[in-house]
Amino acid sequence: MERNWQWTRLAAIGVAVGVLLAGIACGDDDMGDDDNDSGASSADQAVGVPAAGGVPGESGPNPPASNILDRKIIFSAQMTLSVENISNAFSDVTRLATGAGGYVEGSSFTNADDPQARTALLTLRVPADRYQDTLAGLRSLTGGSVKSESSKSSEVTEEYTDLQSRQRNLERTEQQYLALLGQAATITDILIVQDRLDGVRGQIEQIQGRLNALDDLADLATIDVTLTPVPPLAANGGSDGPKPVIDAFVDAWAWFTEASGYVLVGVAVVAVAAIFLALPAGIVLAVMLVVRRVRAPGTLST
């Protein structure tokens, strides 16, 4: 009789676990209807699940509509600046980020041994409400000019809300598993419920990690900044003393050389043409001289 009672208890626990699993599978669909209810069930109140429109972990009246409709938007931008001094610009960009309440998440240098080819890469994280101010500060950086700039924004409010709903549903399921765990009387029952409980807890932690990541991305905008050196001529502004005069002589010599080449080509063409024209003209002239000499009177007697 006792053995039959144990089998009956195991079957009851198995049915309860099956019902909970079915509740997890359809939880997302049911959650939308639950959130529209005017009040929370007694089980929800026991585990601290908020009423419709509430935030997990909070109780009492619903928060203001401005909190419910709070949008989650992720801002990011990429900017390339041409600067006269990489080291100074690097320091200026760092101060600009910290002054806005942010920080430099990462940075690197390339071609560090060659000042003319050195570049710097910085990833800035600044509060979203200082995002536009930081971009404006980068555009007006002393000794720099913007070579390229791009920005984008993506809204993740829908994803964030869906994750919150799934988390509340899983937390409710977790509380039910904990209640079953307290009623389990055998090691087998405990192991079965504990295994299910660990699975639900893992899903809750995974969702919480994604929510934390979205919070971080929405609260702090990301700006990737690339610093490149200004070309030497542009950096000196073309006022290097005698250098423009030397450039003028070089340009004049190049022009003279090119013009001389054209003249030589023309002379060669004329010379070749003269050679080809002089030969038949000489033959014709010789024939004419012979004919005149033959026709001249007294030529034969002499």
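In this predicted model, Glu159 and Arg210 form a salt bridge, with the closest N and O atoms 2.9 Å apart. Glu159 belongs to helix 7 and Arg210 to helix 8, so the pair ties together parts 51 residues apart in sequence. Both ends are partly exposed: the relative accessible area is 33% for Glu159 and 35% for Arg210. A further network, joined by salt bridges that share partners, comprises Glu105, Arg125 and Asp216. Across the whole structure, the search finds nine salt bridges.

The two helices linked by Glu159 and Arg210 also pack against each other. Helix 7 spans residues 157-183 and helix 8 spans residues 187-219. Their axes lie 9 Å apart, at an angle of about 155 degrees. Angles over 145 degrees count as roughly antiparallel, and helix 7 and helix 8 are therefore assigned to that class. Their crossing is left-handed. The contact of helix 7 with helix 8 has 15 nonpolar, six polar and eight charged residues.

The partner is Lys72, and the closest N and O atoms are 2.8 Å apart. Lys72 is buried, at 13% relative accessible area.

A local pair occurs in helix 5 (residues 86-99). There, the side chains of Arg95 and Asp92 meet in a salt bridge, at 2.3 Å from N to O. Arg95 is exposed, with a relative accessible area of 53%. Asp92 is partly exposed, at 22%.

Note on methods. Residues are numbered from 1 along each chain as its sequence is written. This is a predicted model: local features need pLDDT of at least 70, side-chain atom pairs count only at pLDDT 80 or more; totals for chains, interfaces and linings use all residues. Side-chain values use heavy atoms; hydrogens and water are left out. Axes are lines fitted to C-alpha atoms, for helices over the stretch in contact, and angles run from 0 to 180 degrees between N-to-C directions. Helices (H or I, at least four residues) and strands (E, at least two) are DSSP runs, numbered from the N terminus. Angles under 35 degrees count as roughly parallel, over 145 as roughly antiparallel, 65 to 115 as roughly perpendicular and the rest as oblique. A crossing is left-handed if the near helix is turned anticlockwise from the far one by less than a right angle, and right-handed if clockwise. Ala, Val, Leu, Ile, Met, Phe, Trp, Tyr, Cys and Pro count as nonpolar, Asp, Glu, Lys and Arg as charged, and the others, Gly among them, as polar. A salt bridge is a side-chain nitrogen of Lys or Arg within 4 Å of a carboxyl oxygen of Asp or Glu. Buried means under 20% relative accessible area, exposed over 50%, partly exposed in between (1.4 Å probe, protein chains only).
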